[in-house]
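The sequence and the model come first.

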Amino acid sequence: MSFSFFKASRPKTPSELAKTVKDSFNALDSITVAEVKALEKAMEEVEKNIVAMKVMLAGDGEVEPNPDQVAQLTLEVCNEDVIALFIHKLLILGWEARKNLVHCWSIMLKQKVDSTYCCVQYMENHLELLDFLVVCYDNKEIAMHCGGMLRECIKLPSLAKYILESPSFGLFFKFVELPNFDVASDAFSTFKDLLTKHESAVSQYLTNNYSEFFEQYEKLLTSPNYVTRRQSLKLLSEFLLEPPNSLIMKRYIGEVSHLKVMMNLLKDSSKNIQISAFHIFKVFVANPNKPREIKLILAKNHEGLLALLNNLGKGGEDDQFEEEKELIMKEIEKVSRLANLES
Amino acid sequence: MGGGGPRNYSANPNDYKLLEEVGYGASATVYRAIYLPYNEVIAVKCLDLDRCNSNLDDIRREAQTMSLIDHPNVIKSFCSFVVENYLWVVMPFMAEGSCLHLMKIAYPDGFEESAICSMLKETLKALEYLHRHGHIHRDVKAGNILLDTNGAVKLGDFGVSACMFDSGDRQRSRNTFVGTPCWMAPEVLQPGTGYDFKADIWSFGITALELAHGHAPFSKYPPMKVLLMTIQNAPPGLDYDRDKKFSKSFKEMVAMCLVKDQTKRPTAEKLLKHSFFKNAKSPELSVKKLFADLPPLWNRVKALQLKDAAQLALKRMPSSEQEALSQSEYQRGVSAWNFDLEDLKLQASLVQDDDEIQEIKEDDDTMKAYMNYKEKSVALQYAGKSTPRKDSIASEQESVGEVPVAEYEIKKGKDLESSTPDSDHWEKNGLKKNASKTELPPLTSERDALLAKSRTQTPKARQSQSGPLMAGAVLSHSASERVRSSERSEIENQQPGDKAHPVRRAPSFSGPLMLPNRASGNSLSAPIKSSGGFKDSLDDKSKPNLVQIKGRFSVTSENVDLVKGSPLRKSASVGEWLIESKQMPPSQPPKELGLNNVPASVLMPHLQNLFQQTSIQQDLIVNLLSSLQLSEAGDCSENGKLSPLQRPENNGIVEAAVSEREKLLLVKISELQARMINLTDELTAEKLKYWQLQQRLNAMSSCREDGDRRELES
């Protein structure tokens with residue numbers, strides 16, 4: 001675990017290091033798979049260089065990194081197009097090297113050089129790299145590494161906005177349901193960041209893509225996978241009920257199909273899902289301008305709903321929940337009476 | 001490709017065949033299993049996600065951590081996937097279970113030094129790896145050091161179950177095997193101070209002691225006590241007579257880990273270079289022989305399970321009860337990794353300085369109390385017989401049969417209050433209430449257990465409250481409570497109408513201090529809100545008690561009294577108003593319904609009630625303010641009293657405890673202030689409602705006038 005063999009040699013300057021890294025990556029291409037020995041050697045060289053970068057960027061636990069060197073290296077890495085190599089070569093790297101590379105990446109992305117974030121700029125000029133990262137979720141080997149890099153990127157509004165509007169965003173609806181929990185939940189967490197971190201971009205996206213998005217989203221809400229149902233429901237309440245999305249929310253709660261989904265989720269076998277569903281269902285009911293169809297459905301099902309709500313959250317829920325529940329039940333009763341009067 | 005990466009395991013549950021149970025926790029069970037495609041024995045941990053109330057982020061993080069680590073001394077997960085509402089985590093199977101298991105089954109007094117040395121060294125290697133990769137394990141202890149038949153030692157259980165002590169329904173869902181106080185570093189236990197990798201080093205030191213003695217240093221104490229001892233006492237170490245067998249370097253190594261100042265603890269990397277580990281034998285030599293003659297793990301687990309179950313069954317035996325209790329206390333978990341001050345404060349009230357003595361003393365009290373109590377109730381029976389009223393009460397009892405007993409009592413109390421203005425009868429009925437407690441032990445239990453908890457602060461009471469109520473145990477509590485506070489309970493029973501009383505009393509047993517913010521805000525302002533969905537006339541009467549049942553929060557008794565004390569409150573509650581508003585559409589906005597034919601006189605009482613309620617709430621706030629001051633005073637006096645009260649045997653913790661109390665007190669004060677703010681908010685809300693109602697009333701009356709005019713015109 002010691003890198004002493006490397007400390008011994010003369011420490012490279014940042015620009016030398018960036019060049020060496022680039023060269024070692026490129027060297028991998030010139031070797032065919034048949035040349036096992038050569039490949040191994042080239043790989044070793046790459047991994048050694050990545051460790052060197054990591055030491056320069058993050059220190060080695062004893063020596064703190066030198067800010068000038070960090071800035072310099074970041075700049076060089078951008079100028080030399082090494083970032084693209086990072087992303088494209090991640091898959092062929094070994095276990096530890098990948099982790100180290102992701103570590104380096106997140107440091108450099110946040111690095112400000114002469115009042116600009118050059119890595120971010122680089123990504124903005126090479127947006128296809130973002131799409132590449134998204135697609136990597138399909139590869140179990142590197143899914144979580146790419147996921148980590150992606151989440152670093154989408155902290156920035158411009159990059160997040162790009163992904164939201166890129167066709168690759170649609171892939172998330174598939175990735176969050178992947179069988180492997182660690183990958184699927186990583187994808188979900190990126191998906192969630194995309195939908196919650198930058199409100200105005202999200203609100204604009206949802207406005208422009210309302211139907212397609214919610215059509216897809218409904219599939220998550222009705223997924224046979226427990227985790228998908230539970231997480232997507234929770235996420236829905238997190239972005240839908242945000243103030244900037246109020247127009248979208250109003251549209252959503254006026255549509256019968258969505259009410260139906262929520263009513264089914266209220267009957268889910270999981271208590272957690274029932275409770276989360278209630279927190280969206282209540283908005284349908286509390287809506288002061290309920291469309292006629294919504295009222296009709298509530299009225300038609302009022303007995304079932306009241307019975308269900310009555311039993312909901314027995315034990316353990318807080319008083320605010322009980323309070324809301326009571327209000328909602330009252331409202332349902334009211335709606336059903338009125339509907340009966342009308343008919 | 002992935003250097004050192006594992007073989008691929010599928011995410012298809014049908015590829016796994018679950019065999020025996022080899023480990024169990026609050027919401028996870030570990031099975032020995034076979035991965036059919038490779039015909040390989042592995043372990044599958046099945047975690048019930050539906051029992052994790054928090055969001056699943058923590059589970060995700062832990063699952064990812066476990067799949068992104070790769071070290072021979074760390075358990076990694078091969079893969080994880082969802083099967084219905086369970087998360088299956090596939091891990092290597094460690095055939096000999098944990099060190100804790102092994103100690104429980106065969107080495108109750110700990111291992112010999114050479115074995116300890118190997119185990120610790122392997123564990124330390126794991127920690128060094130984890131720390132280097134930026135992870136804090138946070139739960140290092142013998143129970144998480146797993147052993148394989150070949151002697152391999154791996155640090156496991158990165159708490160995929162960590163969510164259990166993370167938010168949500170903390171009290172119920174924490175795991176016995178996660179983050180227990182005994183292993184936690186002082187800086188972790190003290191809220192506000194940060195902690196880092198060094199916290200693991202402390203836990204590592206405690207684990208060393210655990211392996212040497214068979215148990216962690218303070219393991220026999222309740223969690224809150226452990227917490228205080230960890231913070232206040234000198235660090236534990238290997239310095240008893242029985243530790244003579246251990247080498248000097250072992251003792252020194254432990255002492256290095258158990259330094260309170262985290263900055264003075266060595267890093268894992270440094271510690272590995274300590275002389276104690278220089279001569280560590282390979283685990284194949286020293287560890288492997290430990291399980292030479294033992295039955296297979298699953299049989300051991302079963303045996304342990306049976307043993308645990310048997311112990312739990314013997315609840316009434318003091319020693320085992322104590323054990324079961326501490327178990328349940330741990331389950332509630334003072335897990336400082338996510339420190340819950342509320343919880344702590346509750347626990348603080350449970351701290352005793354010597355459990356056993358307390359136990360005996362309590363039994364004593366209980367006996368006396370019980371005798372006392374019996375006499376009383378016999379006398380009451382006579383008194384009861386002579387009044388015809390008793391029959392009517394009895395029949396009433398039957399008529400409300402379906403109402404849960406606990407509510408029932410209050411209802412009866414109410415009825416008694418209202419239906420017997422005659423002072424003679426009053427007396428008897430007040431007594432009769434006592435008698436009813438004898439007849440219906442479970443019904444008194446809720447309340448008395450609560451009182452007992454806050455008052456006598458016995459951990460037993462706590463258990464009886466949280467677990468299924470055992471009539472016997474509870475009865476004894478109520479009885480002991482009675483003796484200790486006989487005066488007070490007498491007053492309470494006979495003069496429930498005394499409004500000022502609860503306020504005065506509350507601070508005297510530090511009631512409100514133990515009331516968590518959340519509960520306080522709600523229960524004080526809205527005790528009438530139905531929490532159980534009862535909607536009949538019983539509603540408001542049953543509520544105070546429901547609050548009690550729900551509340552693990554002792555002070556709710558205060559609310560009961562308040563509600564009892566102010567008949568206005570009953571009818572003027574928000575909840576009630578809402579119910580009536582439903583029955584009486586006039587209070588709906590006239591625009592919507594146009595019900596202008598309802599007389600304003602119907603509305604008036606509501607408005608009056610609302611107004612009264614507002615003023616009552618104002619009173620409440622004033623009372624609260626005064627209780628705030630009083631509670632400060634009360635607490636001080638309690639501090640003073642505490643030392644004589646707590647038996648002389650207390651190990652001189654008291655002096656040290658004072659500064660801690662100060663801290664706690666400060667926290668309590670800020671909590672009270674928060675409650676004040678809550679209440680003020682609610683008051684404002686009420687005022688707003690009142691104002692709105694007035695507006696509506698105005699609108700209504702103008703409508704009415706219009707209508708009248710029209711009538712006149714026509």
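Predicted model: local features only at pLDDT ≥ 70, side-chain atom pairs only at ≥ 80, totals over all residues.

1. Residues are numbered from 1 along each chain as its sequence is written, and chains are lettered from A and ligands numbered from 1 in the order in which they are written.

2. Chain B contains 31 helices and seven strands; helices (H or I, at least four residues) and strands (E, at least two) are DSSP runs, numbered from the N terminus. Of its 714 residues, 46% are buried, a residue being buried if 20 or more other C-beta atoms lie within 10 Å of its own, exposed if 12 or fewer, and partly exposed in between, with C-beta atoms placed from the backbone. Among contacts in chain B with a separation of 6 or more, 74% join residues 24 or more positions apart; a contact requires C-beta atoms, placed from the backbone, within 7 Å.

3. Five strands of chain B form an open sheet in the order E1-E2-E3-E5-E4, with antiparallel pairing. Its edge strands, E1 (16–24) and E4 (79–83), each pair on one side only. Two strands pair if DSSP finds at least two bridges between them.

4. Within this sheet, E2 (residues 28–35) and E3 (residues 40–48) of chain B are joined by eight bridges, and B:Ile34 stands opposite B:Val41. Four residues separate the strands of this hairpin, where B:Asn39 takes a positive phi near 50°. On pairing with E5 (residues 86–92) of chain B, E3(B) makes seven bridges, again antiparallel. Across that pair, B:Leu47 faces B:Leu87 and B:Ala43 faces B:Met91.

5. How much of helix H1 of chain B is buried? Nine of its twelve residues are buried, among them B:Asp58, B:Arg60 and B:Met66. The cover over these buried residues includes H9 (140–153) and H12 (181–196) of chain A, together with E4 and E5 of chain B.

6. The largest nonpolar core has 194 residues, and A:Ile163 and A:Ala187 touch the most other members. Such a core is a set of buried Ala, Val, Leu, Ile, Met, Phe, Trp, Tyr and Cys residues joined through C-beta atoms within 7 Å. Leaving aside residues up to four places away in sequence, A:Ile163 touches residues including A:Leu130, A:Ile154 and A:Phe169.

Definitions and conventions. Contact = placed C-beta atoms within 7 Å.
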